[in-house]
Amino acid sequence: MPSTSTHETDVVIIGGGLGGVAAAIAVCRTGRRAILTEETDWLGGQLTSQAVPPDEHPWVEQFGVTRSYRALRDGIREHYRRVYPLRAEAAALPDLNPGAGRVSKLCHEPRVAVAVIDELLQPYRSAGLLTVLLEHRPVAATTDGDRCTDVTVAASDGTRTVLRGAFVLDATETGDLLPLADVEHVVGAEARSEHDEPHAPETADPGNQQGITFCFAVSHHEGEDHTVERPAMYDFWRSYQPDFWPAPLIGFLAPDPRTLEAHPRTFEPNPDADPLAVSADQSADAGDKELWGFRRILARKLFTDGAFDSDICLVNWPLNDYWLQPLIGTGEDPDADAATSERALYEARQLSLSVLYWLQTEAPRSDGGTGFPGLRLRGDVTGSADGLAKAPYIRESRRIRAVTTIVEQDVAADVVGVTGRTRYRDSVGVGSYRLDLHPSTGGDNYVDVPSVPFEIPLGALVPRRVRNVLPAGKDIGTTHITNGCYRLHPVEWNVGEVAGALAVHCIEHDLDPQHVQADDDRFAAFARELDRAGVERHWPEVQGY
C-alpha cells in the first residue's frame, strides 16, 4: 500500500495554474508559508501546460493588470532578450512580441513561461517558505462544519500526502476541490430564470459546458515529410459536421464567432512579411481568419538570419475545439463521470491529431495542391510525449455559490452601454474581454458579444458558507455566461493573487473572508494592502469592445 505523509503550512494551494502561482507569490511575499500542488510537471496552467498564449485586453501594456502579472510579462520578454538571438530592432522593442501573433501582444513559447515562473518562485523556495509538489492531484478532503481541515493529494506513483493549513485555495482547472470539500457550487449552464441573463438557456444543464481543446505546436519545413500516423478516429472526425457549422468541422470554412456567418480561413506557413509590422489588437481586428499568424508563438524573422528555419504556430482554432462530451461530471454517479471525462479527453486528443493529419495530407493549398507534409508536430515545444499540449485547454470550471454572483447584465455592453460600468464597493481587481463562449457540450454555437471593462468583486471570491476555502482561478462566482470574460490569463492571475492575500489577511487578523467582505472598514483595510501590492482595482475611462 502506498505510504502517506502529512505536511502542515499556513496556506494550502491546490492547482499550479496561473491563479495558483499568483496565490503562492501573494502568500510568500508576506513571509507566510505555502504548499503549491500541480497535477502536471509544469506550473502555469493555461499559459504553459495548456500551451495558450495570453488572451489579454488592448490596454495591457499601459494598465489593467496587477504589478506581479506585469512582472511575469516583463520576465518573458527579458528571457527572450537574454537567451535568444533577436534582431537588434526586435530586442529594442519595449513591447516585444516574440511570436508576432495577432491574438496577443505577447505570443511566446510555453517553455519560456515555465522558466520565468520558476524564477519568480525560486526565492520563496530557497527561503523555505514555498513547497511545490508537481504531479500531485487532490483525491480527498476532510471537513469539520464550515471548515476544511485537510486535503489529501496523490502523486503519480500513488504516494499520498495529507496537507493541512489554516486556509485552502482551489486553483485547479476544474474546481476539483469544491466537491471534495463540500463547497456549494455550480457546474454547467444555469437556467435563464435564475439570473435573467439574456444568453442563458431556458433550462439549467450541468452537462452544458464550453468545449475543451488539445492545443499543439507545429513548424513547417518545405520538402520534408513529417506526416503522423493516421489517427484511429480520423474517418469520424473528417466527416463530422455539427448542425450549426457550415461545412465539416475539419476544414477552413467555419462560423465567425461574433456574427455566426460562414467565413473562410486561410493557412500559409512561414509568410515573408516582416513580423515587426504585425499589430495585435482584438478590439480593432479579431485577427483569427489567417490561421498561421493568429497564434504564432515564434516568428523566425524576428531573429538573426539562420537561427530558425521556420516559425512556430500554436494550433488552437475552431477546427480542434471539442464539445461532444462534458469534461466535468455532475457528481451524481462518480464512475459514470470518470468514464465520460476519460472519453472526452481521448476524443479531444483524436480530434487534434486528426486536424494535424488533415493539414498534412488533405488541406487545400493556395498553389492548387493538397496537404502540407512538411508540418512538424513540436512536442519538444509543448513538453509532451504525444506531441500535443500536456493538458487540454479548459475554458470552464465548477464555480462556487458565492456571496456575489457576476451576471451577464453586469458586463454586457448591450445592457450597460459601451461606456458603462458596474462598480463594486468591494472591487479587488479589473479585467476586460468579450463575453466569449465557444461551442458547448449542450449543442450551443458561439456566444461572442461585446462586454465592458469590468471589476472583480471580492464577494465573487467568498463562498456563502464555507469559511476557509477560497477559489483562486476560474471557479469564482461567475455564471456559465460571465465565465466567458472572467476566464482569461490576467484575470485568473488577479483572482489567485487576491485569494492568497485574503488568506494571509484573515490569518493575521483572525477573521473569516465573509467578515472582510461585508464590513466596510475591514474591507478598506484589506484594500489598502492590495493597493500597496500593486493590484489595480478600478479602471480609468475606457470603453468596451
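Helix α9 (334–361) gives seven residues to the lining of the largest pocket, the largest share from any element. Helices (H or I, at least four residues) and strands (E, at least two) are DSSP runs, numbered from the N terminus. The structure is a predicted model, in which local features need pLDDT of at least 70 and side-chain atom pairs count only at pLDDT 80 or more, while totals for chains, interfaces and linings use all residues. Residues are numbered from 1 along each chain as its sequence is written, and side-chain values use heavy atoms, with hydrogens and water left out.

The largest pocket is lined by 47 residues, and E39, R137, T174, D176 and S341 lie nearest its centre. On a 1 Å grid over the protein atoms alone, a pocket is an open set of points with protein on both sides within 12 Å along at least five of seven lines, a cavity is a set where a 1.4 Å probe fits but cannot get out, and lining residues have an atom within 4 Å of a point. The space in the largest pocket amounts to about 1,400 Å³, where a volume is the space filled by probe spheres set on the points, and grid points are joined across faces, edges and corners. Besides α9, the elements that give two or more residues to this lining are β3 (34–38), β5 (136–144), β6 (147–155) and α5 (177–180). The lining comprises 18 nonpolar, 17 polar and 12 charged residues; Ala, Val, Leu, Ile, Met, Phe, Trp, Tyr, Cys and Pro count as nonpolar, Asp, Glu, Lys and Arg as charged, and the others, Gly among them, as polar.

Five cavities of 30 Å³ or more are present in the structure. The largest cavity has a volume of about 350 Å³. It is lined by 27 residues, with D288, F294, R295, D436 and H438 closest to its centre. This lining divides into 12 nonpolar, three polar and 12 charged residues.

An open sheet with antiparallel pairing contains four strands in the order β14-β15-β11-β17; two strands pair if DSSP finds at least two bridges between them. Strands β14 (296–298) and β17 (375–377) stand at the edges with a single partner strand each, so one side of each lacks a neighbour in the sheet. Three bridges join β11 (residues 216–220) to β17, and H220 has L375 as its bridge partner in β17. Helix α9 packs on this sheet, touching β11 and β17, and its direction makes about 15 degrees with that of β11. Contact means heavy atoms within 4.5 Å; axes are lines fitted to C-alpha atoms, for helices over the stretch in contact, and angles run from 0 to 180 degrees between N-to-C directions.

A further open sheet, with parallel pairing, has five strands in the order β4-β3-β2-β8-β23. Its edges are formed by β4 (130–134) and β23 (469–471), each with a single partner strand, so one side of each is left without a neighbour in the sheet. The twist from one strand to the next averages 15 degrees. Between β8 (residues 167–170) and β23 there are three bridges, and D170 stands opposite P471. Helix α14 packs on the sheet and touches β2 (11–14), β8 and β23.

Helix α14 (residues 489–509) also packs against helix α1 (residues 18–28), at an angle of about 35 degrees and with the axes 7 Å apart.
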